[in-house]
Amino acid sequence: MNPAIGIAVLLAVLQVSRGQKVTSLTACLVNQSLRLDCRHENATTMPIQYEFSLTREKKKHVLYGTVGVPEHSYRSRTNFTSKYNIKVLYLADFTNKDEGTYTCELRLSGQPPTVSHQNVSVLRDKLVKCEGISLLAQNTSWLLLLLLSLSLLQATDFISL
């Protein structure tokens, strides 16, 4: 086999295996909706398939995604948004009946297909309310901007520390 082809195949496999790792799954409450934030690496140009599911009483219920078929009872209650490295699912009218283990699963097709997932256990009375600052925490560059702004304001005698 040509060494250049072997290296190209190896690089493609490494890109696929690294390109879709789920780094965290968090849950919080926005009004009466459950919000699931699935953060992941995005080092590939290949499309990423995803699935949000709930396991309750040893039974898996697909909520939303491109892998499995969402159950009818959840279709009207879910709202989904996706950005570069985060997928967010909202489940409206969250009640105690929706408690269980939530999973975010990402898949890349290829040889072999790669799968990455994270779980979070959700109990209604243990959920924290979502805060606006968590949106800023997705990217730490806002902290650097804040520090630079403070020093600029101090230099112009707008504020004194």
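Y50 sits at 12% relative accessibility, so it counts as buried (under 20% relative accessible area is buried, over 50% exposed and in between partly exposed, with a 1.4 Å probe and protein chains only). This is a predicted model, where local features need pLDDT of at least 70, side-chain atom pairs count only at pLDDT 80 or more, and totals for chains, interfaces and linings use all residues. Residues are numbered from 1 along each chain as its sequence is written, and side-chain values use heavy atoms, with hydrogens and water left out.

On to the rings. Searching the whole structure turns up four aromatic pairs; rings of Phe, Tyr and Trp (its six-membered ring) pair if their centres lie within 6.5 Å, with planes under 30 degrees apart called stacked, over 60 edge-to-face and the rest tilted. Here are two stacked ones.

| Pair | Centre to centre | Between planes |
|---|---|---|
| Y50 and F80 | 4.7 Å | 10° |
| Y64 and F80 | 5.0 Å | 25° |

Strands (E, at least two residues) are DSSP runs numbered from the N terminus, as are helices (H or I, at least four). F80 is buried too, at 17% relative accessible area.

Y64, in strand β4 (residues 59-65), is 16 residues from F80, and their pair also links distant parts of the chain. At 27% relative accessibility, Y64 is partly exposed. Put together, ring pairs join Y50, F52, Y64 and F80 into a cluster.
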